[in-house]
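Colleague: I would like to learn how to read a model of this kind feature by feature, with the general idea first and the particular case after it. Could we open the structure and begin with a single residue?

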Amino acid sequence: MGEVRRHKRHSEGALHIGASTPRADAYAKVTGAEKFAADYYSSDMVWAGVKRGAAPHGVIKGIFTDEACKAPGVIAVLTHRDIRGSNRQGVVRKDQPVLADKKVRHCGDAVALVLAEDRETLLRALDLIRLDLEALPGVFDVEEALKDGAPLVHEDNAGGNTLLEAHIQTGDGLTAFERCDEVIEGRFETPWQEHAYLETEVGWAQQQNDGKVVIVASTQTPFRDRAEVAEAIGLDLEQVRVIAPYTGGAFGGKDGITVQTLLALAALHSNGRPVKMWWEREESFIAGTKRHPTRLYYRLGAKGDGVLHALAARLYFDTGPYDHLGGVVMTLALEHAGGAYRIPHALLDAWCVYTNNPIGGAFRAFGVTQVTAAMEQMMDMLAARLDMDPLELRLKNALTRGEKTCVGVTLTGSTGLVECLERVERHPLRTERYAWKAAAGPFKRRGVGIAALMHAAGYGTVVPDYANAKIELTPEGKIRIYCGVVDMGQGNASANAQIAGSILNQNMDSMELVLPDTDRTLPSGSASASRCTYTFGNALIGAAEILKNRILQKAADLLMAPSTDDLTLAPGKVVNRATGAQIPLSRLGRLMAESERTAISHFRAPVAKDRLDVTDELRLHGLGHAVISYGAHLAAVEVDEITGAVEVVSYLSATDCGRALNPQIYEQQIHGGICQGLGFALFEDFRVEQGTVKSPDLATYIIPTAPDTPNMESLPVELHEPTGPFGLKGVGEIATNGPAPAVANALADACGIRMFRLPMTPERVLLALRGRETR
Amino acid sequence: MKQAIALEVNGDTYEVLVSPNQTLLEVLREKLGLTGTKKGCDLGACGACTVLLDGAAYLSCLMLAVDAVGKKIVTIEGLSQGGELHPLQKSFVELGGLQCGFCTPGIIMTAKAVLDEEPQPTEESLKKKMAGNLCRCTGYKKVLDSIMGATARMGGER
């Protein structure tokens, strides 16, 4: 655990910014050598698992564990009575029990924790636990939940079933609609989206002789986890260590506690033996978080020439029974509700609502996916009403640097929406669209749709978005980076090696990575919010520059050079250009004291400076961002009139990403985001009936496969972002926002039908083609 | 209940004590320490556990260990020869055919079986044959590019 990742067999030559250097983690991953959190076993390992309530809402009258306790091979059966701490967890509001005490509030609530010698014994023991639940009426619809007399998910919540509500008015608000020539209305529904990472929630933990609990988990947030675990089960912060290997996918689903607290609790009762927990796929689907389902009411008003004038929106987010990150997700959605357009008057209302459905949480693009699906369809509906080209309408209203969004945030950073739209406008998929559409075969119709995107990075105005980078010249002459932010697959650990390697002029073989570990690396926030390389990269630049100066100074002293002016770093050594003298880094590493050869640097991301007329609570939840990426997407689709199936034939994206440090990793992020967005648009139908999940596995919940994926082109629009590391902006999330509206708009272009509800399954498309109501 | 069986994995013979209901996946990971083969669903829906049996791709989560007796099993750990990466592995490294990497071993093993059968597949044929392996990170484009890149590299070699 907590090993150093070394990198062999890479090509020669120093790393540099802008090169598609193969990823640092690639070799270990293609050989199967990389150890994920799931990959640890030992002969004395204890298996832990959870008994879940399996009812959407009920009072716990009794938890009967005697039979399970007596079963051979069972080590312990624990309930809320065995927890010494607060037994509550949650990122913003601590409203989720580790083990349910008074009530169960959704089918996935954990009620008891079992430790057993092996997995079979564990499964048998879980079956032997009996729960006495007194069923309560549940609440499963966001608007029903807000009505008087609705069953309460948390009786002690002052706002009833409202977790957070927000209202923003800018300009003249609703009265501005009186001055509009055209007004469009739409009611949109978006479903849950399951992360469906290939590696389900997993980890292991062990209590050391000194009492400290070490947790190795698949997580995006080791430092925050440490604090949550300690508080929930009553340990001091120093008694908890969290180590975060590369995850087998996360996408927001591991932004917060999954197995960590349960594992730590189990480790306190396993007599010092290591404890492993690995959620089954069905358990992951039922108990894990999902993209929040939403109901979105939009009204958009414009002048006759297409200039946007007023926006009214009511946004409802279903967070299930717990906050998790629901309030923050809703707030980011609110900030993006009007897109990257000049809209002088707006009234935006939003509610994040408790229900007895599965838990809503972080999912790549964090609420923005949902509102973009609505707003970008509204733009096409308006274009149709005005008989304008959809791209021209967007260009006409696109924000540029220095202007304000409809919530009042001034765009101070690089703002490349116009450039992105222009790249799409000039592309053959756009310029030759009429001929392509006309060439559709029998019973096929073709259409082309676009979407314009913006996505803000970081935590917003109040919560500090910071990173602390540490870098070391080892006594062996290697450069070791202590990564503070988890690499969940997006490649930021590789980007770190590339950043430091380029500053120190070293090749990949000289770079070593220590992955996030609360005992070894420094707190640097979560792996989320398109912030990983932006924030940590900026900190790392500072640390690498300090180390570079130290190395050169030491080399100047040892080479008796008058100053560092003639010295330069080369792979593995420092060279005096004037004399040709050299000194290997391995020698310097041995001769420098640890404090000399280690450098740290801190960076805190800039925030929006606008004085927005909103509540402090909304600011705390993140309203107001300064660093924003932009994009324009185009989908070319073919619809089968007989089956209703929609095939996305080609997909184009142009993304204002700042500088692409590694074009290969940039493309990976965009491709992956598009594919997840296409799943959200077309296939991923997470079905929940009265709080019960009806699509509990990968055979019933369909994510895109290789044949479902179109030819994708992902053009970088590299506008320099002055605050970014080497000019970079984060692009981990933005691409996810495009496919739903781009495909919906293409479908409208092909067949004249408008899909207000996702996903656009063949059944729904067919019904719409026949002019029938879709549900 | 348990029985001793011999499994031939990556050219080595292992004597292991297994239960009749233990899957090959469980035995590979937990008894032989070959954790390169991944578990993604345990239901045969994701392809992460793909291994080769006598050269054909099998889902090891759907196969009992006792049924693998007498077969030549190859896992991702056995694909590189003498520390030298297989052309498929090289291609995935260079062309960026992986992100989180959890599906990667299964994808590479399936691709190996596909290319052994059809060394120069068309893109359409390849897409269809890779449909049983889910990847949630890449959008498949660079995965397919990596496999196509390997066909050139392999030049008919297996």
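Modeller: Let us begin with Ala196(A), which counts as buried because its relative accessibility is 1%; buried means under 20% relative accessible area, exposed means over 50% and partly exposed lies in between, with a 1.4 Å probe and protein chains only. Please keep in mind that this is a predicted model, in which local features need pLDDT of at least 70 and side-chain atom pairs count only at pLDDT 80 or more, while totals for chains, interfaces and linings use all residues, and that side-chain values use heavy atoms, without hydrogens and water. Residues are numbered from 1 along each chain as its sequence is written, with chains lettered from A and ligands numbered from 1 in the order in which they are written.

Colleague: Where does Ala196(A) lie, and what is its phi near?

Modeller: In general, most residues other than glycine have a negative phi, and most peptide bonds are trans. Ala196(A) has a positive phi, near 50°, and lies in the loop between strand E12 (193-194) and strand E13 (202-207) of chain A; helices (H or I, at least four residues) and strands (E, at least two) are DSSP runs numbered from the N terminus. Asn87(A) has a positive phi as well, near 55°, in the loop between strand E4 (74-78) and strand E5 (88-89) of chain A, and it counts as buried because its relative accessibility is 5%.

Colleague: Which peptide bond is cis, and where is its proline placed?

Modeller: The bond from Leu758(A) to Pro759(A) is cis, with omega near -10°, and Pro759(A) sits in the loop between helix H19 (739-751) and helix H20 (762-769) of chain A.

Colleague: How should I read a core, and which residues have the most contacts inside the largest one?

Modeller: In soluble globular proteins, nonpolar side chains tend to be buried together. A nonpolar core here is a set of buried Ala, Val, Leu, Ile, Met, Phe, Trp, Tyr and Cys residues joined through side-chain atoms within 4.5 Å. The largest has 111 residues, and Ile471(A) and Val574(A) have the most contacts inside it. Helix H15 (residues 532-558) of chain A contributes the most to this core, namely 13 residues.

Colleague: How many cavities does a search of the whole structure find?

Modeller: The search finds 11 cavities of 30 Å³ or more, where a cavity is a set of points, on a 1 Å grid over the protein atoms alone, at which a 1.4 Å probe fits but cannot get out, and lining residues have an atom within 4 Å of a point. Points are joined across faces, edges and corners, and the volume is the space filled by probe spheres set on them.

Modeller: The largest cavity has a volume of about 560 Å³ and a lining of 40 residues, with Gln490(A), Gln669(A), Val731(A), Gly732(A) and Glu733(A) nearest its centre. Helix H14 (492-504), H15 and helix H18 (663-683) of chain A are the elements that each give two or more residues to this lining. By class the lining has 20 nonpolar, 14 polar and six charged residues, where Ala, Val, Leu, Ile, Met, Phe, Trp, Tyr, Cys and Pro count as nonpolar, Asp, Glu, Lys and Arg as charged, and the others, Gly among them, as polar.

Modeller: The second largest cavity holds about 250 Å³ of space, and its 22 lining residues include Gln96(A) and Trp279(A), which are among those nearest its centre; this lining divides into eight nonpolar, 10 polar and four charged residues.

Colleague: What pattern does chain B follow along the sequence?

Modeller: Chain B has five helices and five strands, in the pattern β-β-α-β-β-β-α-α-α-α. Its radius of gyration of 15 Å agrees with the value near 15 Å for a compact globule of 158 residues, taken over C-alpha atoms with a rule of 2.2 Å times the number of residues to the power 0.38. Buried residues make up 57% of chain B.

Colleague: Which residues does Asn133(B) touch, leaving out those up to four places away in sequence?

Modeller: With contact meaning heavy atoms within 4.5 Å, Asn133(B) touches several residues, including Cys46(B), Gly106(B) and Tyr140(B). Asn133(B) lies in the loop between helix H4 (123-129) and helix H5 (141-154) of chain B, and counts as buried at 5% relative accessibility. In helix H5 of chain B we find Ala150(B), which is buried with a relative accessible area of 0% and, beyond its neighbours within four places in sequence, is in contact with Pro87(B), Leu88(B) and Ser91(B).

Definitions and conventions
On a 1 Å grid over the protein atoms alone, a cavity is a set of points where a 1.4 Å probe fits but cannot get out, and a pocket is an open set with protein on both sides within 12 Å along at least five of seven lines; lining residues have an atom within 4 Å of a point.
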